[in-house]
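Please keep the sequence and the three-dimensional view side by side while reading, since the paragraphs below move from sheets to helices and then to single residues.

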Amino acid sequence: MSTNQTVYRADYQPPAWSVDSIDLEVDIGDEEVVVRALSVLRRVVAEDRSPLVLDGEALDTRLVAVDGRPLGPDEYELGNGTLTIPGLGAEVRLETVVHLRPYANTELSGLYGSGAILCTQCEAQGFRRITWFFDRPDVLTRYRVAISAERQRYPVLLSNGNRLAEEDLGGGRHRVRWEDPFPKPSYLFALVAGKLDCLEGDFTTVSGRSVRLELWVDPGRRERARHALASLQQAMRWDEERYGREYDLDLYMIVAVADFNMGAMENKGLNIFNARYVLADDDSATDADYEAIEGVIGHEYFHNWTGNRITCRDWFQLTLKEGLTVFRDQQFSADRNSAAVKRIDEVRILRQHQFLEDAGPMAHPIRPESYQAIDNFYTTTVYNKGAEVIRMYHTLLGEQGFRAGMDLYFARHDGQAVTCDDFRAAMADANGRDLERFARWYSQPGTPELVAEGRFDAATGCFHLRLRQQRRDLSGFPAAEPFHIPVRMGLLDAQGRPLPLRLAPDQAEAPLELVLELVEVEQEWVFHGLAAAPVASLLRDFSAPVRLHQTADDAALTLRAAHDPDPFNRWQAGQEVARRVLLEQIRSGTAPAASPALDAIFAATLAAEDLDDALKALALDLPGISELGQELERIDIEAIHRVRDWHARHLAAGHAPALRAAYEQRRSINAVDRSIAARQGRRLAHACLAHLVRLGTAEIDLIANHYRSAASMTQRIAALAALANLDHPEAVAALADFHQRHGQDALVLDKWFTVQAVADRPDAVERVEALRHHPDFTLANPNRIRSLIGAFASGNPVHFHRADGRGYALVGAVVRELSRVNPQVAARLACAFNHWRRYDDRRQGLMQAQLEAIRDADPSRDVAEIVERALAGR
């Protein structure tokens, strides 16, 4: 394995050149594309005479010219990813011509083919695969683009900005010219060419400007983009109302493509989307799909200001745009749906994935200090934990203070490439706050542990709350300094009623909720005027990304699960009871036994009239295998599964009548009603099905009838997912029927692969191996890889970690095969082995062998970095 070069944040140097403008002429042929680039460059320091160095990769260079004069081969140097030209003056006009073969580009970075469509993906470093340029986010310039192609094969030619003109070139060819009036970095460049249908819409901005909206999709799929169009219009209005941000061009375009490594890309004025986040109708998309489309559409639109108008100085600042924009799309989705359910879903993702990342070899702060392949740092830490850091600003400063900070950030830095420190300074200056300690969230990795101890003094009527923070040691990182942790909290009496929070004996008016700021290793707060020991409700709304350790007995947790006014903490109390019960029995190794407290909470949740249905569905679910494993020094996957599965079956059997009743009460919900109440009802009904399938074939008729009577994809896939766990003719029939119905729709077929990949069956590995060779499976499409191999590796831990190592061998073989074909997707799959040292000796040896086999197969840079860090334990 070749040694990869490490890039360090500390080595950042400002660009030596600025670029006035760049003109791109893109001539699309049958197999090749010719890109002619003409740019005007100026030295930042006029007296500087260092060579010009540009970035490029996989470019067939045919011309390099300076000020109109072609250079000879001895006047420039083509190095490993660089074009170097010495002896240039203070201002030059540079012209290059390169030839590309986009349909041979399997990495899906730069210009590539997706079916019969040509499209681009330039973040983070894909523009260098299109032409020679400064492929870094702090070089902003104006782009003018002319695209020429055969009209019949490529009738639609799109790029960023405004469409200036279309010309007939004769001979069946045409040209379309585009201009983006806003300077942008190269990673926001976009181009699309192909046969596409357009769903048109419009939006009138708050100032009265009319914006044309165009959603481009494969022919025949225009109607499936209507939800995406409505979501875009809602996002545009929301950003005006919530943040005062108005769209700045006359045209906004979205293009849906089948082959895409990510979810979507916010290219200025021309977003390119994975088709799964654009296309939806009731026969092909679930309620969750509709909500995901709304969220991703919002996310990419919100980038127009937090990412495009203000961008990153360097890729170490990635969370500046991504963490902030994730937080904004979370707010948008919370306003559009159930805020409580949305928040719980966010925290579940954080705990199941980001906390795990924080404790493994890929641990890094939200602003990393180094990388080898920047694509490996599009992580849950940068995105999801980054969003939690932004949320903490909001918690500390309040809605008005946060908005003031955002307004100052926009006013100071519009049109600039800036840093996380610039954002923090805007928040501090707008609110007159000292946020220096808060900066540690950007520089220190790991998940802080928050230990809470409460003591009631009956003689004085005071409750003493002591909070202490600590962080587990991380290999390769220094000991952590204290974080600035906001802890939203309240106190409850014995009936679950909120108590006034008096921090002084003579405090007349007292709030029912406070945000405590823990800035030292340990601090204490005293609450006065209490008649009896209260129940402390801490970390409400999950106000900081920490692990909370709080002394509370089952009675206190049961009280909070029934009465806590904070929906998140109400859910969390029930989860804490389950977590304690399961972990105690996992660690002891004894036979599982029923927990009266857990049974009582399960029954009370089903019967509760003050919980919405989606919250009930979440509260009925036990903590996940990943979350439980994180609590163990050595992960015993079989013990976790045995205990968790026993309790799931016990709860299903003990509460089967109530589960059936809850399901039956919601059968009449209109299958295509997408109101919040209807979606919540379906979520609970399908949660009940998931519990009832634990009883095996006893409920097979109920589940099979649900499949056969399904009137929407939400209903159909819920029943299919339940049936896929069973070895029964009804399961075989349903799987065959689903494939026959939807085999020609790639996005729906992905669901068919996934329900089988995550099924809890003894032959799970063998079934995934067989599907790996199914005629409909391909390694050329990232969605298909994720739907089967990715879903199995991350969503079926019991069978991925099967003792014979066959699950490891399956995933390892795919990583090796995919590494040089699509390095980004392969690297994400390789992360499945990151925590190999946490398992028993046999499994450690089997996973280590797979990592070494990947290492010895000359992997790509992306995969090599993951494997190196996993083997080194860092």
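Two strands are said to pair if DSSP finds at least two bridges between them. With that criterion in hand, and bearing in mind that this is a predicted model, one can begin with an open sheet of three strands, whose order is E4-E8-E7 and whose pairing is antiparallel. Its edges are formed by strand E4 (52-55) and strand E7 (77-78), each of which pairs on one side only. Between E7 and strand E8 (residues 82-85) the antiparallel pairing rests on two bridges, and within this pair Glu 77 stands opposite Thr 84 in E8.

As a matter of background, the strands of a sheet pair through backbone hydrogen bonds, in either the parallel or the antiparallel sense.

Strand E6 (residues 69-70) is joined to E5 by two bridges, and the two strands run antiparallel; here Val 66 stands opposite Arg 69 in E6. The hairpin of E5 and E6 has two residues between the strands, and in it Asp 67 takes a positive phi near 50°. Strand E5 (residues 60-66) also pairs with strand E9 (residues 91-100), again in the antiparallel sense, over six bridges, and in this pairing Asp 60 is the residue that stands opposite His 99 in E9. Further along the order, strand E2 (residues 17-28) and strand E3 (residues 33-43) form an antiparallel pair over 11 bridges, in which Asp 27 stands opposite Val 34 in E3.

Leaving aside neighbours within four places in sequence, Leu 169 is in contact with Ser 148, His 174 and Arg 175. The C-alpha atoms of Leu 169 and Arg 151, which lie 18 residues apart along the chain, are separated by 9.6 Å.

The helices can be approached through two pairs. In one of them, the axes of helix H18 (residues 729-742) and helix H19 (residues 746-757) come within 9 Å and cross at roughly 160°. Since an angle over 145 degrees counts as roughly antiparallel, H18 is therefore roughly antiparallel to H19. The crossing of H18 and H19 is left-handed, and the contact is made by Leu 735, Phe 738, His 739 and His 742 on the H18 side and by Val 748, Leu 749, Trp 752, Val 755 and Gln 756 on the H19 side. Sorted by class, the contact of H18 with H19 has six nonpolar and three polar residues, with no charged residues.

The other pair consists of helix H23 (residues 806-818) and helix H24 (residues 823-830), whose axes come within 9 Å and cross at roughly 155°. That angle makes H23 roughly antiparallel to H24, and the crossing of H23 and H24 is left-handed. From H23, the contact draws on Val 811, Val 814, Val 815 and Leu 818, while H24 contributes Pro 823, Val 825, Ala 826, Leu 829 and Ala 830. What classes of residue does the contact of H23 with H24 have? There are nine nonpolar residues in it, with no polar and no charged residues.

Two further residues complete the tour, and for both the cut-off to keep in mind is that buried means under 20% relative accessible area. Helix H22 (residues 797-800) is the place of His 799, which is buried because its relative accessible area is 8%. Among the residues that His 799 touches, not counting those up to four places away in sequence, are Ala 759, Asp 760, Arg 761, Phe 792 and Gly 807. Gln 630, by contrast, lies in a loop, the one between helix H12 (625-629) and helix H13 (637-654), and with a relative accessibility of 4% Gln 630 counts as buried. Not counting residues up to four places away in sequence, Gln 630 touches Arg 351, Gln 352, Phe 355, Leu 356, Arg 472, Arg 547 and Arg 838.

How values were computed:
Residues numbered from 1 in each chain as written. Predicted model: local features only at pLDDT ≥ 70, side-chain atom pairs only at ≥ 80, totals over all residues. Heavy atoms only, no water. Axes fitted to C-alpha atoms, helices over the stretch in contact; angles between N-to-C directions. Helix = DSSP H or I, 4+ residues; strand = E, 2+ residues; numbered from the N terminus. Parallel < 35°, antiparallel > 145°, perpendicular 65-115°, else oblique. Left-handed = near helix turned anticlockwise from the far one by under 90°. Contact = heavy atoms within 4.5 Å. Nonpolar A, V, L, I, M, F, W, Y, C, P; charged D, E, K, R; others polar. Buried < 20%, exposed > 50% of the residue type's maximum accessible area, 1.4 Å probe, protein only.
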